[in-house]
Amino acid sequence: MALTEKRNVSSKLNPKRPKIDIESIVEGILGSRKRANDVFDILESLRSAKEKDVISAASACSKLFSTLLERKDLFIGKLPDEDEALNGDYSAEEKYHIFMRHRYNSCVEMLLEYLHHEVHEVKESVLSCLMKFAAAEGQHPLEDMDWSEHYSFPRQLIQLVVDNILSKTTDNSLLISKFQEYLEMEDVRYYVMSSIRVNVSAVLLHVYQNNVFTLMSSINMPSQESELTNFMVKQEVFLVCLYVFQLPVSMYKKVLVILHDAVLPHMIKPTLMIDFLTAAYDVGGAISLLALNGLFVLIHQHNLDYPDFYRKLYNLLEPSVFHAKYRARFFHLVNLFLSSSHLPVYLVAAFAKRLARLALTAPPTALLIVLPFIYNLIRRHPSCRVLIHKPTAEDALEDPYVMDEEDPVHCCALESSLWEIKTLQKHYHPDVAKAAMLINTPLPVQEDDISEVLEITTHELMERDLKSETKSVPLEFETATELLRGGDVIKQHFSLV
């Protein structure tokens with residue numbers, strides 16, 4: 001059969017056309033070049049309005065063109081125009097290769113379009129087909145190699161897949177979760193990251209931003225350094241996303257949650273994140289709390305000098321911190337930042353006093369964290385014991401401490417006392433009152449382990465109180481033994497009467 005120049009692959013199918021055996025067509029094409037034109041039947045099925053037919057056709061295309069790639073039956077190199085090739089001075093074999101290469105390109109274009117299909121099963125099926133093509137192109141490149149051992153990767157195909165997955169109109173989180181299985185391969189990870197860098201633009205659409213973040217957070221970097229020898233990720237990818245996008249609050253939080261352990265350890269220059277993290281730290285609220293993780297890494301591991309860090313940390317201590325979703329993480333990090341014995345005493349006293357003042361309106365779950373936290377600060381810095389022993393009237397009006405002062409240097413904490421803890425000794429919750437009573441006795445040297453109470457919730461606290469063991473109270477010292485016998489005597493008495 002002679003090769004035709006083109007056949008119209010239309011989406012308007014003839015409803016009276018009998019159903020074709022697509023698997024037999026694939027076998028026929030692979031078995032004889034004379035049946036090459038039957039490839040149009042497969043491509044026409046790929047245009048079907050029925051999801052089952054599309055999935056079946058995608059599977060057939062996967063088998064057909066992967067085999068043709070393996071056989072090297074597709075044209076390799078710069079592809080000539082099809083009309084020119086069929087009428088030009090090419091051999092029959094070359095014309096066959098050119099013809100099939102054009103059909104392969106048409107198939108890829110249609111599959112990329114189906115990545116925007118409304119049915120997830122269709123998108124998942126065509127994604128599997130496209131990634132199988134990528135694997136086949138990697139082993140059997142469609143480009144002319146400079147030398148036989150030159151490494152080739154289907155960058156263009158991966159770029160097109162990434163471009164279409166990062167939709168600006170559709171949330172592709174489910175499709176990206178399927179794509180994640182291919183990201184386990186090191187070369188795919190690298191080129192996907194490169195494709196994201198090329199794809200990223202100043203698009204403010206929330207759907208697009210969410211797709212970019214979902215895809216990037218799906219990339220799991222190898223944990224061992226030995227696994228990184230043949231793999232290098234360019235940190236510009238993440239930086240472009242952070243600095244180009246105007247991130248909404250929800251996206252800010254998602255990025256900051258994973259930044260310290262999923263991004264910074266794998267960056268060549270983590271200090272490039274200083275501007276982003278300091279800007280996030282200045283936002284306030286939950287975003288500032290989450291930025292602490294990244295700043296902690298930069299300060300302790302990369303010698304970041306942040307002169308106003310403790311002043312800003314001090315101002316994060318406000319009533320809302322006790323109700324924040326990230327309360328446990330915040331207090332864990334604050335505990336680390338205040339663990340150094342070289343901190344000035346006025347700074348530690350300011351944190352202890354501010355926490356004590358906030359404790360007056362804090363819920364019981366927060367108080368079970370705050371009180372041991374304050375005690376640990378005093379243990380680490382004995383000079384702060386003056387806050388316990390200084391005689392001060394238990395009246396906030398006479399307290400020299402200035403709660404509204406933003407600078408811990410000028411808040412006069414050392415001139416005050418921790419009378420707030422004395423007040424908490426009358427708290428309605430017995431555990432809080434018991435913890436507050438410890439300030440009346442010399443504090444032991446060993447610090448309290450606050451990790452056990454960081455995650456405690458109000459529900460857990462109530463469950464613990466309700467499940468507390470009740471002690472049996474004796475109602476009488478001697479057990480009554482003559483009661484029933486006494487009843488018989490009474491009966492005898494009434495019978496005589």
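Rings of Phe, Tyr and Trp (its six-membered ring) form a pair if their centres lie within 6.5 Å; planes under 30 degrees apart count as stacked, over 60 as edge-to-face and the rest as tilted. By this criterion, the structure holds 13 aromatic pairs. The model is predicted: local features need pLDDT of at least 70, side-chain atom pairs count only at pLDDT 80 or more, and totals for chains, interfaces and linings use all residues. Residues are numbered from 1 along each chain as its sequence is written, and side-chain values use heavy atoms, with hydrogens and water left out.

**The chain as a whole**

- The chain has 23 helices and 0 strands, where helices (H or I, at least four residues) and strands (E, at least two) are DSSP runs numbered from the N terminus.
- Of its 497 residues, 47% count as buried, that is, under 20% relative accessible area, with exposed meaning over 50% and partly exposed in between (1.4 Å probe, protein chains only).
- Among contacts (heavy atoms within 4.5 Å) between residues at least 6 apart in sequence, 74% join residues at least 24 apart.

**Aromatic pairs**

- The ring centres of Phe65 and Phe133 are 6.2 Å apart and the planes stand at 85°, so this pair is edge-to-face.
- Phe65 belongs to helix 3 (residues 51-71) and Phe133 to helix 6 (residues 120-139), so the pair ties together parts that are 68 residues apart in sequence.
- Phe65 counts as buried at 0% relative accessibility, and Phe133 counts as buried at 0%.
- Phe296 and Phe337 have ring centres 5.3 Å apart and planes at 75°, so their pair is edge-to-face.
- Because Phe296 lies in helix 14 (residues 285-301) and Phe337 in helix 16 (residues 327-337), this pair ties together parts that are 41 residues apart in sequence.
- Phe296 is buried, with a relative accessible area of 18%, and Phe337 counts as buried at 3%.
- Ring pairs link Phe296 and Phe337 with Tyr281, Phe309 and Tyr310 into a cluster.

**The second largest pocket**

- The second largest pocket has a volume of about 410 Å³; on a 1 Å grid over the protein atoms alone, a pocket is an open set of points where a 1.4 Å probe fits, with protein on both sides within 12 Å along at least five of seven lines, and lining residues have an atom within 4 Å of a point.
- Of the 17 residues that line this pocket, Arg101, Asn105, Glu137, Gln156 and Leu157 are the closest to its centre.
- Helix 5 (92-114) and helix 7 (155-165) are the elements that give two or more residues to the lining, and the largest share, 6 residues, comes from helix 5.

Terms used: Points joined across faces, edges and corners; volume = space filled by probe spheres on them.
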